[in-house]
Amino acid sequence: MPKVKVDGIEIEVENGTSVLQACEIAGKEIPRFCYHERLSIAGNCRMCLVEMEKSPKPVASCAMPVAEGQVIYTNTEMVKKAREGVMEFLLINHPLDCPICDQGGECDLQDQSVKYGGGTSRYELNKRSVKEKYMGPLIKTQMNRCIHCTRCIRFAEEVAGVPELGSINRGENMEITTYLEKTLDSELSANVIDLCPVGALTSKPYAFEARPWELTKTETIDVMDAVGSNIRVDTKGWEVKRILPRVNEDINEEWISDKTRYACDGLLTNRIDHPYIRKNGKLIECSWDEAFLKISEEVSKTANIGGLVGGMVDLETIFALKDFLIKISGSASIDFRQKDFYIDSSHLCNNLFNTSIAGIDESDLILLVGANPRLEATIINSRIRKNFINKKTEIFTIGDPGEQTYKIISLGDNLKVLKDIENNNSIFSEKIKTSKKPIIIIGESVLNAKQGRFVLETSKSILKKYNSLNGLNILHQSASSVGAIMLQAYTNTEEVLKNEILYLIGADEINIDTKNKFVIYQGTHGSKNAKIADVILPGAAYTEKNGLYVNLEGRVQSAFKASFPPGNAKEDWKILRALSDALNKPLKFNTIEQLRYKMFEFNPALKRVDQLPSIDVNTLGTENVEVIDSKVNYLPIDYYHSNEIAKSSKTMLECKIARQSFKKTGTEN
Amino acid sequence: MSGKHVAKNQPKTFIFSSENIKKMKEILCKYPETRKKSAVMPLLYLAQKQNEGWIPLVAIQYIADQLDVPYIKVYEVATFYTMYKLAPVGKYFVQVCTTTPCAIRGSGKIIEMCKKYISERESHLSNDEKSSWIEVECLGACVNAPMIQINEDYYEDLDADSAEKIFKSFKDDSLPKFGSQKGRKGSEPIKQRLTLLKN
């Protein structure tokens with residue numbers, strides 16, 4: 001390990017570290033634009049110049065590897081002059097439009113020119129002007145401001161896996177663009193907005209909405225998919241203005257999907273802000289008391305209540321609903337499955353992403369079974385791509401998931417292939433023999449009543465044979481699934497639907513036959529099932545309440561309240577608590593702490609916030625099951641409209657339209 | 001000049017001729033299979049030659065497909081290098097050297113002649129669509145300055161008159177012989193050869 005000296009501080013760093021990283025370790029700040037720790041090194045902004053002994057010129061520290069005995073200075077006159085010079089050149093063609101630039105206040109160029117710039121410019125000619133580029137409905141471009149750091153190009157190529165961005169022309173005429181100005185065909189595209197160190201790529205939906213210092217920032221987690229990406233919600237008053245990623249190396253690194261980022265404008269429209277009851281076939285706004293009165297009338301007729309929870313419901317609400325149902329009807333007829341879904345409840349690991357998201361990096365062989373990670377869990381897909389890029393891992397698939405961001409090798413689309421693998425009759429069996437950490441990712445599309453058991457048991461027995469049961473992964477799609485499984489909030493959806501009274505919390509996907517049924521809908525948006533309800537109770541969305549969620553790894557994470565529910569809407573567990581009072585069967589908790597205490601009593605594993613579950617996956621048993629000879633049928637995924645918030649979002653609709661028209665102009669004609 | 005001029009009227013299809021497909025295969029042989037994208041520059045040149053001196057967008061896509069790289073990567077290369085043309089050039093494509101030695105020896109006058117006999121603007125086709133001209137940096141024939149390149153031939157030791165004569169000859173395809181227009185051989189002294197001769 002080489003020893004280097006940075007400004008007189010002697011440090012020992014690992015081989016392959018760059019001088020820039022060594023300076024960081026020594027606690028010295030190095031200004032930079034093009035360097036980004038998660039992207040390849042370009043070395044074209046020249047802002048990170050430092051002085052190195054025995055080098056006649058300043059060196060670009062981001063691209064210079066450390067070597068034994070290097071002596072580096074970061075605060076000499078030469079470095080200062082170099083930085084001022086680079087800064088002056090960068091600013092030659094950068095417009096002085098900070099007052100009308102959306103990046104203002106969080107702009108690297110602004111900050112660094114204050115700290116390292118010379119203060120004046122000797123340039124007297126006209127600045128160049130560059131035509132704005134069209135990059136889809138999410139990214140607003142103002143290419144005059146571009147300093148050609150090429151971070152966006154490298155991101156699109158390396159992380160997003162859609163090498164559609166590039167720099168055309170040369171020298172002063174260099175421009176960043178997509179090929180003939182097409183929409184960026186990626187679910188991670190908006191991350192280039194965060195990466196852009198200047199205001200060249202800014203957020204279109206957030207354009208001119210707020211300045212960063214006016215916003216209240218709340219660190220919370222995302223519920224658009226089961227990944228549980230860490231996010232920061234920026235609010236101004238009641239409105240959620242934007243959502244940004246938060247660094248979490250174990251989950252989303254520092255990327256989030258476009259849906260996570262931009263579905264938030266759906267929180268402002270189509271909201272249920274009052275209770276409603278159905279009178280003469282029409283839904284009429286009413287008070288909470290009237291709504292509760294109506295429910296208690298119905299409950300006095302029959303105590304058969306079934307509960308269904310949707311995909312974005314927090315643990316507290318699920319637990320409160322379960323408690324409520326037990327209190328009212330004596331048994332918990334509850335489920336979270338709105339589609340045909342197989343659960344093996346004998347062991348929790350049967351339902352988890354056991355490898356863990358960070359664990360994908362170490363894998364050396366990946367098999368997708370009926371999974372489409374690109375649309376089902378975009379962040380996991382970026383991990384798989386990272387592995388594919390770094391380790392050239394071979395990725396096999398059973399079933400055709402459509403275009404992914406890496407090369408996939410098809411093993412056919414019949415599930416029977418799994419049995420062949422187990423019996424060493426497939427090319428995959430050869431690969432798995434030499435593999436150290438194989439993983440199998442099973443999608444919800446094949447986890448149905450007919451195929452689920454076969455897929456799960458066979459996958460387990462394949463992995464068990466090679467002593468890597470840790471590679472068993474279930475790719476859940478909704479944020480509430482694993483939590484509901486851990487709270488045992490499932491019985492049988494069909495049985496639940498047989499009840500005379502149905503209590504739906506955010507369950508929007510299922511089709512309900514309302515004949516002779518009384519439907520209570522508690523939720524946030526005027527969805528399909530809200531429209532057929534007899535009573536609507538306005539609930540809180542994920543940014544409007546404190547709550548716990550379990551992601552697909554089984555990791556419990558807490559979401560925090562960033563704004564408050566609109567109008568008369570209330571937090572969901574409070575509604576259930578109040579309703580239980582109205583029905584004279586009060587639930588035994590008054591605060592969220594008491595509710596959580598009871599919940600942790602029920603399942604102590606939920607107490608371990610931010611940690612992976614501590615269950616030994618090797619205790620999983622396997623069974624021999626009959627071979628199922630059937631094809632993989634992918635359940636259709638409407639990526640930009642996969643939940644009620646996204647469906648209400650104008651931005652998501654624009655993305656959907658842009659993507660469709662993009663697909664249409666392809667080569668099919 | 002801001003960026004490269006990309007032709008508005010683009011052909012619908014492009015495919016290498018059977019002869020060029022053979023050449024393409026030869027070029028691809030020079031690179032390992034995993035590095036075949038390195039062949040992008042010779043292939044672009046091949047396409048330019050086949051398509052009368054300029055590369056249409058369909059050819060860029062065609063080459064990208066041949067090399068399994070995204071379109072933008074080929075487009076980047078084609079826009080970066082000045083010798084790839086993305087808009088039609090004339091049958092007689094005149095490149096006028098205007099770097100220092102040629103400029104001192106009077107390339108300005110040749111530019112004037114270009115404007116007069118070819119077209120007022122650089123990289124625009126002449127009225128009969130037979131020729132076009134551009135300014136270029138040093139073409140490496142400074143001893144015979146000023147000089148121009150027409151397609152693949154150098155015309156050297158020019159002055160306004162000889163340039164005019166050449167440009168006028170485009171009309172009936174009767175170009176004078178390439179090389180020095182003052183009649184000297186190569187770069188020999190223009191009056192009397194003395195170097196290395198015994199006296």
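Tutor: Two residues are in contact if their C-beta atoms, placed from the backbone, lie within 7 Å. This is a predicted model, in which local features need pLDDT of at least 70 and side-chain atom pairs count only at pLDDT 80 or more, while totals for chains, interfaces and linings use all residues. Residues are numbered from 1 along each chain as its sequence is written, and chains are lettered from A, with ligands numbered from 1, in the order in which they are written.

The setting comes before the part itself. Between the chains, the contact draws twelve residues from chain A and eleven residues from chain B. On the side of chain A, β7 (165–168) and β8 (175–178) each contribute at least two residues, and β7(A) has the largest share, four residues. That side comprises four nonpolar, five polar and three charged residues (Ala, Val, Leu, Ile, Met, Phe, Trp, Tyr, Cys and Pro are nonpolar, Asp, Glu, Lys and Arg charged, and the others, Gly among them, polar).

Chain B contains seven helices and five strands (DSSP runs of H or I, at least four residues, and of E, at least two, numbered from the N terminus). Their order along the sequence is α-α-α-α-β-α-α-β-β-β-α-β. The C-alpha atoms of chain B occupy a box of roughly 60 × 45 × 30 Å along the principal axes. Of the contacts in chain B between residues at least 6 apart in sequence, 61% link residues at least 24 apart. Buried residues account for 30% of its 199 residues (buried: 20 or more other C-beta atoms within 10 Å of the residue's own).

The crossing of α1(B) over α2(B) is right-handed (the near helix is turned clockwise from the far one by less than a right angle). From α1(B), Asn20(B), Lys23(B), Met24(B) and Ile27(B) meet Pro42(B), Leu43(B), Leu46(B) and Gln50(B) of α2(B). By class, this contact consists of five nonpolar, two polar and one charged residues.

Within α2(B), the buried residues are Val40(B), Leu43(B), Leu44(B), Leu46(B), Ala47(B) and Gln48(B). Their cover includes α1, α3 (57–67) and α4 (71–80) of chain B. Beyond α2(B) comes Glu52(B), with a positive phi near 55°.

Ile63(B) touches Val40(B), Leu43(B), Leu44(B) and Ala47(B), and also Val74(B), leaving aside residues up to four places away in sequence. Ile63(B) is among the residues with the most contacts inside the largest nonpolar core, which has 202 residues (a core is a set of buried Ala, Val, Leu, Ile, Met, Phe, Trp, Tyr and Cys residues joined through C-beta atoms within 7 Å). Val309(A), Leu321(A), Val369(A), Ile442(A) and Ile520(A) are the others named with it. Helix α8(A), residues 315–329, gives the most to this core, with eight residues. A second, separate core of 23 residues includes Ile110(B), Cys114(B), Ile148(B) and Ile150(B).

Notes. Buried ≥ 20, exposed ≤ 12 C-beta atoms within 10 Å, placed from the backbone.
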